Amino acid sequence: MSLFERLWRNSFWKLLGDGSRGFQALALLILARFAGPAEFGSFALFQSVALLCAIGADLGINLTTTRLLAAHRGDARLGRRLLGLKLLAAPLWLLPIVVYAWIRPQDASGQALFGILCLANAAKNLFEYLGAVFSGLEIMQYESASKAIANGLTLMLGGIAVWMGAGIQGFAAALLLSYLIAFVIASLWCQRHCQIFPPSFDLAGFAILLEAFPIILLSAGLSSLNRWDLILLGWFGTPQTHIGWFGAAEKIIGLLAVAPALISMAGYPVLSDLHENDRRQFNALQLKFTAIPMIAGLVCAIALVAGAEIIIRAAFGDAFSPAAYPLRILAVGLLFTFPNYVLLNGLVASSRAWEGAGVAIGATGLNVMLNMVFIPRWGLAGAACVSTLTQAAIFTAAAWLNFHGQMQESPQPYARLTS
């Protein structure tokens, strides 16, 4: 199969699978309309913290799995070792629940919601490990089908929970159940193609974890960028209703960002393979992969700025109409957000994860510092401006590292682990 046939095939299945996130987005729209801005703001805030904790507990294993299986042609031993590491990290998923219960012992309702959301995000992260295996093996039709099952179940079970009046806690429980069911189904498919069960707990797995440390920093830094805004808005005492408005605007941006993310991930195993075996094609493909999302980001930004209020009212209802203002500011950042996925994945695929980690951690620090200044002065608009500025900073640094000067090729650290 030719290079472009592989890319088109991978992109098709990624589009189909991640396109099913529309089911989950629809479930969140239903929740927002029935719960109102204040309750939805509370859900968005707890979900942001829970997701941030789950990303930290991932330890960079998911992205490492795709890279290693793609570079080493689906070595099942790697899959078993990485699954062992994933299971050893399980206590980290429960730690945030204990910490919140210790900090807020009187908030029984908050403890229940946060606990369920932490478990739901842990189940999602474990489920996404299987998706990483499918991506590394380039059998993304199974990843696509399992994502469609998870997101379809979220819409069905979440809709039932809202209809029954179970509120945001019931919706969180539906989210948890959806990912558990999808994980069981995906496990059966995964075992058939890459015998990753039973997991392996050996020293080689820990060596992989040490090599993956920059990917841990990269993943945690990038994922937290979209969470610090909401967390710091809550820290500065922003009303839950306003947080709900900002959360609605971010949901729109997140939904649009699915397209470049899935294109980037579809190309990731191919880029990893090319970097290992054909550097010239790797460099040419990386340049093309950056230009296309940047053009798409510009088109989406113009459309959102022009139609922000119509989109918000249509999606969330009139109660969320103030979200249009921060949405317009966030939309400008799409010009940079779209190509950033490709640029940072390119650094990881080319064994330069430490450089990508430096960009992500630096951007996270910049985001927090600017938010500490902007949010007290300008509230939601300030948080939206910081998000856009941070994406612009990532683009500048990542583009320079990818395309300027002589690329420093690092040794391949994983080769010895497959022996």
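Me: How do the residues lining the second largest pocket divide into nonpolar, polar and charged?
Reply: The lining has 13 nonpolar residues, 4 polar and 2 charged. Ala, Val, Leu, Ile, Met, Phe, Trp, Tyr, Cys and Pro count as nonpolar, Asp, Glu, Lys and Arg as charged, and the others, Gly among them, as polar.

Me: Where do these numbers come from?
Reply: This is a predicted model, so local features need pLDDT of at least 70 and side-chain atom pairs pLDDT 80 or more, while totals for chains, interfaces and linings use all residues. Residues are numbered from 1 along each chain as its sequence is written, and side-chain values use heavy atoms, with hydrogens and water left out.

Me: What volume does the second largest pocket have?
Reply: About 610 Å³. A pocket is an open set of points on a 1 Å grid over the protein atoms alone, where a 1.4 Å probe fits, with protein on both sides within 12 Å along at least five of seven lines; lining residues have an atom within 4 Å of a point. Points are joined across faces, edges and corners, and the volume is the space filled by probe spheres set on them.

Me: What share of the chain is buried?
Reply: 55% of the 419 residues. Buried means under 20% relative accessible area, exposed over 50%, partly exposed in between (1.4 Å probe, protein chains only).

Me: How many aromatic pairs are there?
Reply: The count comes to 12. In one of them, Y142 and W189 have ring centres 5.8 Å apart and planes at 55°, so the pair is tilted. The two sit 47 residues apart, with Y142 in helix α7 (residues 140-163) and W189 in helix α8 (residues 167-193). Rings of Phe, Tyr and Trp (its six-membered ring) pair if their centres lie within 6.5 Å; planes under 30 degrees apart are stacked, over 60 edge-to-face, the rest tilted.

Me: Why does W189 count as partly exposed?
Reply: Because its relative accessibility is 24%. Y142 is buried, at 18%.

Me: Why is the F316 and F320 pair called tilted?
Reply: Because the planes are at 40°, with centres 5.4 Å apart. Both F316 and F320 are buried. Ring pairs also bring in F40, making a cluster of F40, F316 and F320.

Me: What does A248 contact, leaving aside neighbours within four places in sequence?
Reply: F40, F316, F320 and A323. Contact means heavy atoms within 4.5 Å. A248 lies in helix α11 and is buried, at 0% relative accessibility. Its C-alpha is 9.7 Å from that of P326, 78 residues apart along the chain.

Me: Now S387. Which helix is it in?
Reply: α16 (residues 353-403). S387 counts as buried, at 11% relative accessibility. It touches D229, L330 and N367, not counting residues up to four places away in sequence.

Conventions:
Helix = DSSP H or I, 4+ residues; strand = E, 2+ residues; numbered from the N terminus.
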